[in-house]
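Here are my notes for anyone opening this one for the first time. Have a look at the model, then read on.

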Amino acid sequence: MSVKLGCCIPGASFMPEAPDKKAYSPFEVLLWGEKEIINSGYDFVECSVGLIMDISDDEFEKVVENNVKIKICNSFIPSTYKIVEDSPELWERVEKSLWRMEKLSTEIVVLGSGGARSIPDSMDYEIGFKKIENFLIKCNELAKKYNITIALEPLNHKESNFIPTVQSAYELAKKLNLSNLKILADIFHMYVENEDFSVISKTVDEICHTHINNPLTRTCPTSETNEQIEAFASALKKAGYNRTVTIESTFEDFSSEIRAAIVYLRKVFSNECNS
């Protein structure tokens, strides 16, 4: 199974400490993180939309000039925006972020964004659900304009009250039947929701991307044998999934952990390991 393996750029805390202990800018984080991940043997880089949006226009031009490629972005909508409010400011943010992603050759943007998409307790749930459906329909048209696929990420019930499982995301994607809307499978959220990995075979036609980590601790999968990770990889293989898998986790020593993780994950996703 020839999946492509990537890694998310985390926050500035993973970068080597500067002699003057200055804070790193989003511009520096993006450039250093992209280079570190590719040099560690990964096929592609993933980062948050917030990271590319926090860069000034002048710095963004330099990022493009440096030929930085961010294949996948996540955390599409920050929690300062509420999807159910459908504000002009929200759509300004959506379009500008899609424009920047296109310049970085982004193919997929992950809609996790629990704070932005959760339906307020003060709102009738069905009304809120419909408002988010309408957002997805409108967002799909913009995504087509920029040739980007939206990956709806199921978030466990502790992080959002909208679409907690792969199965529920699949049913919504089928219902809306939008050209640029697919779904994501995340090992951590599936583990928290106790959703069996066998659902992947039933929903793989809508899965365009996956996230992986040690779901027990949400840490980087380095070299330890992990039954959950290996079962997840096996389920993807059995489903015929051959797209992208990104490490999305916390880190204590980013550089050393991702170098160990790429070796482990190449083995886990090899035919020999999952036959």
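This is a predicted model: local features need pLDDT of at least 70, side-chain atom pairs count only at pLDDT 80 or more; totals for chains, interfaces and linings use all residues.

1. The protein chain has 11 helices and 8 strands.

2. How does the overall size look for a chain of 275 residues? A compact globule with 275 residues would have a radius of gyration near 19 Å, and the protein chain comes out at 18 Å, so the two agree. If you want a box to picture, the C-alpha atoms fill one of roughly 50 × 50 × 30 Å along the principal axes.

3. What share of the residues is buried? Buried residues account for 53% of the 275 in the protein chain. As for how the chain meets itself, take the contacts between residues at least 6 apart in sequence: 80% of these join residues at least 24 apart.

4. Now for the helix pairs. Two packed helices are described by the angle between their axes and the distance between the axes. Start with helix 3 (residues 57–65) and helix 4 (residues 88–103), which pack at about 30° with axes 10 Å apart. Angles under 35 degrees count as roughly parallel, and helix 3 is therefore roughly parallel to helix 4. Helix 3 brings Asp57, Phe60 and Val64 to the contact, while helix 4 brings Lys96, Trp99, Arg100 and Lys103. Sorted by class, that contact between helix 3 and helix 4 has 3 nonpolar, no polar and 4 charged residues.

5. Is arginine 100 buried or exposed? Its relative accessibility is 1%, so arginine 100 counts as buried. Setting aside neighbours within four places in sequence, arginine 100 touches Ile52, Met53, Ile55, Ser56, Asp57 and Phe60. Two of those names, Asp57 and Phe60, also turn up on the helix 3 side of the contact in point 4.

6. The other pair is helix 6 (residues 125–145) with helix 7 (residues 166–176). Their packing angle is about 60°, and their axes are 11 Å apart. Helix 6 and helix 7 are therefore oblique to each other, and their crossing is right-handed. On the helix 6 side you'll find Phe129, Glu133, Leu136 and Ile137, which meet Leu172, Lys175 and Leu176 of helix 7. By class, the contact of helix 6 with helix 7 comes to 5 nonpolar, no polar and 2 charged residues.

7. While you are in helix 6, find lysine 138. With a relative accessible area of 43%, lysine 138 is partly exposed. How far is lysine 138 from tryptophan 91 in space? C-alpha to C-alpha, lysine 138 and tryptophan 91 are 9.6 Å apart, although 47 residues separate them in sequence.

8. Last, two loop residues with a positive phi. Asparagine 67 sits in the loop between helix 3 and strand 3 (72–74), and its phi is near 60°, a positive value in a residue other than glycine. Asparagine 67 counts as partly exposed because its relative accessibility is 48%. Serine 105, in the loop between helix 4 and strand 4 (108–111), has a positive phi of about 65° and is not a glycine either. At 33% relative accessibility, serine 105 counts as partly exposed.

Technical notes
Residues are numbered from 1 along each chain as its sequence is written. Side-chain values use heavy atoms; hydrogens and water are left out. Axes are lines fitted to C-alpha atoms, for helices over the stretch in contact, and angles run from 0 to 180 degrees between N-to-C directions. Helices (H or I, at least four residues) and strands (E, at least two) are DSSP runs, numbered from the N terminus. Angles under 35 degrees count as roughly parallel, over 145 as roughly antiparallel, 65 to 115 as roughly perpendicular and the rest as oblique. A crossing is left-handed if the near helix is turned anticlockwise from the far one by less than a right angle, and right-handed if clockwise. Contact means heavy atoms within 4.5 Å. Ala, Val, Leu, Ile, Met, Phe, Trp, Tyr, Cys and Pro count as nonpolar, Asp, Glu, Lys and Arg as charged, and the others, Gly among them, as polar. The radius of gyration is taken over C-alpha atoms; the globule rule is 2.2 Å times the number of residues to the power 0.38. Buried means under 20% relative accessible area, exposed over 50%, partly exposed in between (1.4 Å probe, protein chains only).
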